[in-house]
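Hi,

Here is the structure I promised to pass on to you. Have a look at it first, and then read my notes below.

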Amino acid sequence: MYAKGWYVCAMSDELGNEPIGRMILEQPVVIWRDGAGKPVVLEDRCVHRRLPLSKGRLVDGRLQCGYHGLEYVGSGQCVRIPGQDNVPPRAQAKSYPVAEGQGWIFAWIGDPADAAATPVPNVAEKVGAPGWRTIRGRLPIKCNHLLVLDNLLDLSHLAYVHGTITGNVAVAENARVETKVNGNRVRVTRVMEDVEAAMMYAEFGGFDRLNRWQLTEYIPPCYYFINNGSEQVSAGPVAPERVDGQAEWGFQVYHGITPENRNTTHQFWQISYPESACPANRLAEFDDLLIKVLYEDLYVYEAQQESIELIGPEGRDGEVNPVIAINADAGLNQARQILQRLSRAV
Ligand code: FES
Ligand SMILES: [Fe+2]
């Protein structure tokens with residue numbers, strides 16, 4: 001069972017002239033834009049002989065089934081059946097409430113009547129902001145979505161997984177970590193003072209030693225807001241309110257982590273950084289490094305999932321079943337509990 005809510009189902013810039021067929025939360029959907037450019041999410045099967053609608057094509061703002069040519073409009077209503085005048089009103093594909101913004105397209109999972117009263121969370125705050133650049137993409141991952149939650153709420157792993165790019169040992173050894181729960185949100189802050197600069201901070205921020213911070217906020221059901229900032233050691237102790245900004249050098253990361261099936265996940269990622277974070281002639285190199293970080297995590301997720309499934313009996317329930325908990329697990333344990341509670345409440 002999954003928590004109800006708005007889930008990212010596509011990147012805004014993914015929708016072109018072809019319908020996209022995709023599983024989200026174990027439900028097959030077809031995603032497309034209607035004649036007015038509005039995104040549409042329907043159940044991915046024709047009311048007639050059940051061919052997935054994603055096998056069809058877009059014709060004049062309608063979705064035409066690829067088998068006998070039934071045509072659907074954005075509401076999911078079939079409005080044309082070739083060779084006959086009569087279109088029964090019950091020729092209606094199930095449709096999902098949809099929203100678009102922040103570079104993403106969202107589908108509402110749960111009772112459609114609840115969608116209007118639930119705002120889409122504001123996560124990707126720097127997307128489209130003046131003076132900021134954003135890169136984005138969708139990464140399919142062969143793991144249960146909770147393994148991604150674990151990762152994003154414990155950024156100590158930068159020391160070991162991203163040790164040649166954004167992390168070094170100080171990130172795990174010398175951080176002051178605080179975990180706060182605010183309603184259904186979990187906020188983990190990690191502050192490191194007077195530590196050696198990791199590669200990107202040295203290369204692009206120009207630091208030798210530095211003060212550095214990381215903030216992750218978990219926003220149910222599937223969003224992660226991450227802020228990274230840094231400044232010269234001479235700036236003095238890092239005040240708590242500093243962790244929300246970038247100070248001299250930093251960037252933000254936004255993830256929509258949407259379960260695909262039980263043990264596969266869509267990672268809809270966006271990374272925003274101030275234009276000043278990277279010289280114009282090094283943007284390609286900079287972006288490549290940030291994307292490499294995503295693949296370093298992917299390698300871990302998929303290896304974990306294989307390990308979980310290999311070794312029974314724990315593997316059968318697909319759970320991590322850790323033998324011990326460590327201090328760094330505090331944030332992810334809180335987030336897992338919240339998500340579990342929300343999933344049971346559906
Ligand atoms: S299956 Fe879609 S038109 Fe027949
Ligand atoms: Fe990571």
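Let me start with helix α1. 8 of its 8 residues are buried, so α1 is largely enclosed by the rest of the structure. If you want to click through the buried residues, they are His145, Leu146, Leu147, Val148, Leu149, Asp150, Asn151 and Leu152. One thing to keep in mind throughout: this is a predicted model.

What sits at the N-terminal end of α1? Asparagine 144 caps that end, with a side-chain oxygen 2.8 Å from the backbone nitrogen of leucine 146. Asparagine 144 belongs to the loop between β12 (132-141) and α1 (145-152). Is asparagine 144 buried or exposed? Its relative accessibility is 11%, so it counts as buried. The side chain of asparagine 144 also reaches the backbone oxygen of arginine 262, at 2.9 Å. Setting aside neighbours within four places in sequence, asparagine 144 is in contact with Arg262, Asn263, Thr265 and Gln305.

For comparison, the ideal angle for four tetrahedral donors is 109.5 degrees. Both histidines are worth a click: histidine 157 is buried, with a relative accessible area of 12%, and histidine 162 is buried too, at 1%.

Next, the nonpolar side chains. In soluble globular proteins, nonpolar side chains tend to be buried together. The largest nonpolar core in this model has 83 residues. The ones with the most contacts inside that core are Trp104, Leu149, Leu153, Tyr223, Trp249 and Phe286. The largest share of the core, 8 residues, comes from helix α5 (residues 283-310). Apart from this core lies another one, of 14 residues, including Leu42, Cys65, Cys78 and Ile81.

Leaving out neighbours within four places in sequence, tryptophan 249 is in contact with Met200, Tyr201, Phe204, Gly205, Phe207, Asn228, Gly229, Ser230, Ala277 and Phe286.

Zooming out, the protein has 7 helices and 18 strands. Of its 346 residues, 50% count as buried. Its C-alpha atoms fill a box of roughly 80 × 50 × 35 Å along the principal axes. A compact globule with 346 residues would have a radius of gyration near 20 Å, and the protein has 22 Å, which agrees. Among the contacts with a separation of 6 or more, residues 24 or more positions apart account for 59%.

Here is a pair to find in the viewer: glutamate 178 and proline 89 are 89 residues apart along the chain, and their C-alpha atoms are separated by 56 Å. Glutamate 178 lies in strand β13 (residues 176-182). With a relative accessible area of 45%, glutamate 178 is partly exposed. Leaving aside neighbours within four places in sequence, glutamate 178 is in contact with Arg187, Val188 and Thr189.

Last, a few backbone details in the loops:

- Proline 220 and proline 221 are joined by a cis peptide bond, with omega about 0°. Proline 221 is in the loop between β15 (209-219) and β16 (223-231).
- Glutamine 102 has a phi near 60°, a positive value in a residue other than glycine. You will find glutamine 102 in the loop between β10 (98-101) and β11 (104-109).
- Asparagine 321 has a phi near 45°, again a positive value in a residue other than glycine. Asparagine 321 is in the loop between α6 (314-317) and α7 (330-344), and is partly exposed, with a relative accessible area of 36%.

Cheers

Methods:
Residues are numbered from 1 along each chain as its sequence is written. Chains are lettered from A and ligands numbered from 1 in the order in which they are written. This is a predicted model: local features need pLDDT of at least 70, side-chain atom pairs count only at pLDDT 80 or more; totals for chains, interfaces and linings use all residues. Side-chain values use heavy atoms; hydrogens and water are left out. A nonpolar core is a set of buried Ala, Val, Leu, Ile, Met, Phe, Trp, Tyr and Cys residues joined through side-chain atoms within 4.5 Å. Buried means under 20% relative accessible area, exposed over 50%, partly exposed in between (1.4 Å probe, protein chains only). Helices (H or I, at least four residues) and strands (E, at least two) are DSSP runs, numbered from the N terminus. Contact means heavy atoms within 4.5 Å. A polar contact is a pair of N or O atoms within 3.5 Å; within protein, one must be able to donate a hydrogen and the other to accept it, and residues adjacent in sequence count only if both atoms are side-chain atoms. The radius of gyration is taken over C-alpha atoms; the globule rule is 2.2 Å times the number of residues to the power 0.38.
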